[in-house]
Amino acid sequence: MKPNGFYAPLGAILGVTMPLWMALPVAGYLLEIALAITLIMAAIEGRLWLVLGAAVVGLALAALPAIGPAPMVLFLPMWLKAVIGPVALGLLMRAGRVALVSYLGGAVVTAAAVLLFYWQGAEVLNEMMNGVGKSLTTMLDANMKTQGYNAETVTDVLDKVTGGIALVKRLLPGIMILSGLGQLFIGFAVVDLYYTRRDRYFPGFGPFAYWK
């Protein structure tokens, strides 16, 4: 039983508007999951051209300085992470691959997009993180001095904050990969549940004991 086609217009809207919401902290993450779901379904149903075409339009709009939320050197890998992984997963599901193979295919593409993100945009990202760190330490320094903290305490706190920011910069690639894999898995689970309830089944993961 085929879906009612809701995924196509929803995916088209999300794809075109990507530059407007992708940089949002929480809403952007949830909307990426929604986009992943529509892309997976579109790939399964053979209507990928509509949703993927809308996402390409969104990528083109992001290149416009007045619209794009970040330099293209950052936005392009973010776009690839949000779009190409779900497409690969959906195409593998359509081909009848077992769930583990389908998910791993999408996961490899997603991880590669994140690594591309850091390969292309490491310098820009580091500048952004350094700017955030500088603003934060300046604010803390002013507030603590206003409240009467001694110089030793202020220096200790600022050193810890600086160290924390440096740690986040080192961990960020891994965090982003795990985040993308989490989005991909949620998208897969929702799509699989949706089709199961409509009496269409895809090969499952199988017993964990046989994952060899």
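**Close-up 1. Phenylalanine 185 counts as partly exposed, at 40% relative accessibility.** The model is predicted, with pLDDT of at least 70 needed for local features and 80 or more for side-chain atom pairs, while totals for chains, interfaces and linings use all residues. Residues are numbered from 1 along each chain as its sequence is written, and side-chain values use heavy atoms, without hydrogens and water. Buried means under 20% relative accessible area, exposed over 50%, and partly exposed in between (1.4 Å probe, protein chains only).

**Close-up 2. The rings of phenylalanine 185 and phenylalanine 188 form a tilted pair.** Their centres lie 6.5 Å apart and their planes meet at 40 degrees. Rings of Phe, Tyr and Trp (its six-membered ring) pair if their centres lie within 6.5 Å; planes under 30 degrees apart are stacked, over 60 edge-to-face, the rest tilted. Both residues sit in helix H7, 3 residues apart, so about one helical turn separates them. Helices are DSSP runs (H or I, at least four residues), numbered from the N terminus. Phenylalanine 188 is buried, at 6% relative accessible area.

**Close-up 3. There are 3 aromatic pairs by this rule.** One of them, tyrosine 103 with phenylalanine 185, is edge-to-face: 5.8 Å centre to centre, 90 degrees between the planes. This pair links distant parts of the chain, with tyrosine 103 in helix H6 (residues 99–146) and phenylalanine 185 in helix H7, 82 residues apart. Tyrosine 103 counts as buried, at 14% relative accessibility. Tyr103, Phe185 and Phe188 make up one aromatic cluster.

Note on methods
Helix = DSSP H or I, 4+ residues; strand = E, 2+ residues; numbered from the N terminus.
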